[in-house]
Amino acid sequence: MGEAGRVVVVSGGGTGIGRAVAERFARQGDRVTVLGRRAEVLRAAAREIKGAHTVRAVPVDLAVPEEVERAREELPAEIDVLVNNAGGRGGPSPAGGLKEVAEHWRRVFDSNVMPAVLLTEALLPRLARPGGRVVTIGSVAALRGNGAYGAAKAALLAWNHTLARQLGPRGATANVVVPGYVAGTGFSGAPADEDELAARRSGTLVGEVAEPADIAAAVAFLASPEARHITGEFLNSNGGAVLGR
Ligand SMILES: NC(=O)c1ccc[n+]([C@@H]2O[C@H](COP(=O)([O-])OP(=O)(O)OC[C@H]3O[C@@H](n4cnc5c(N)ncnc54)[C@H](OP(=O)(O)O)[C@@H]3O)[C@@H](O)[C@H]2O)c1
């Protein structure tokens, strides 16, 4: 499905879904760079991921503009596929006054919107080759509510429309993969016990919870040459837990 030898950048590529995405591209012969804040976690992942080329690790906090500018110097001069996967819950909902509410919402937007927006803005001029792809990881929370986190993920869907308009004239696309619950990631926390897994399974139509590799497969499709006519879209991958229209 892919086109081996492309230059791929994956944010949050040291763990969970991002790591599965990095593994998938590395396996098909692409040149992969992974980004994340924890240098040791990132470098260990880069060493462990097997592929035709060495995976590069560039530690950076993608919510901080100055850090993104610095990291840009270490990133490839031409990029074929950018996967905006970095994100997280941004902490528990606040119990307190408006100051705490404001801090919480800012933190959640910093965690989920800024990494995608800043990294994409920084790399946009480098996505100049035909067939460029930006794939962003959203969440079913954007369709369900889920407070600040759902709102931040919904913001990514709106932003993706603008991005698709910008990229279209270059023959490049921008899409969002929207996972439901995915087991075995830093986000989903400690491994779920059998009761939780059973509840999660029964909340889907297919009776299975997703693994990171399932989300990586959806990313690989949207990044492939075959998906050249799909842009400005989002693709649910949640086992039927939430149905689209
Ligand atoms: N797991 C699920 O059930 C689920 C469901 C729907 C959507 N998602 C979304 O999937 C994406 C990946 O999450 P995951 O489930 O794979 O959890 P994860 O293992 O915690 O992955 C998140 C990755 O993002 C990196 N990251 C977070 N903030 C960053 C920042 N400011 N700068 C650079 N890197 C940053 C983290 O590395 P560092 O901490 O080292 O920076 C980590 O590698 C997230 O956007 C999440 O919202 C997950």
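## First stop: the ligand

Select Arg37 together with the ligand: an N or O atom in the side chain of Arg37 sits 2.7 Å from an oxygen atom of the ligand. Keep in mind as you look around that this is a predicted model.

Then pick Asn85, where a backbone N or O atom is 2.8 Å from an oxygen atom of the ligand.

How much of the ligand does the protein bury? Taken alone, the ligand exposes 880 Å², and the protein buries 94% of that.

Now colour helix H1 (16–27) and helix H7 (147–167), the elements that give two or more residues to the shell around the ligand. If you show the whole shell, you will find 27 residues, of which Thr15, Ile17, Arg37, Arg38 and Tyr149 come nearest to the ligand.

## Second stop: Ser139

To find Ser139, look in the loop between strand E5 (133–137) and helix H6 (141–144).

Is Ser139 buried or exposed? Its relative accessibility is 9%, so Ser139 counts as buried, the cut-off being under 20%.

Zoom in on the side chain of Ser139 and show the backbone of Ala141 as well. A polar atom of that side chain lies 2.9 Å from the backbone nitrogen of Ala141.

For the last stop, select Asn84 in strand E4 (residues 81–84). Asn84 counts as buried because its relative accessibility is 2%.

Which residues surround Asn84, leaving aside its neighbours within four places in sequence? Show its contacts, and you will meet Ser11, Pro115, Ala116, Leu119, Thr120, Val134, Val135, Thr136, Ile137 and Trp159. One of these, Thr120, deserves a click of its own: the side chains of Asn84 and Thr120 make a polar contact at 2.9 Å.

Finally, try the distance tool on the C-alpha atoms of Asn84 and Val113. These two residues are 29 residues apart along the chain, and their C-alpha atoms are separated by 9.8 Å.

Key
Residues numbered from 1 in each chain as written. Predicted model: local features only at pLDDT ≥ 70, side-chain atom pairs only at ≥ 80, totals over all residues. Heavy atoms only, no water. Helix = DSSP H or I, 4+ residues; strand = E, 2+ residues; numbered from the N terminus. Buried < 20%, exposed > 50% of the residue type's maximum accessible area, 1.4 Å probe, protein only. Polar contact = N/O pair within 3.5 Å; in protein donor to acceptor, adjacent residues only side chain to side chain. Near = heavy atom within 4 Å. Areas by Shrake-Rupley, 256 points an atom, 1.4 Å probe, with all protein chains shown as cover. Contact = heavy atoms within 4.5 Å.
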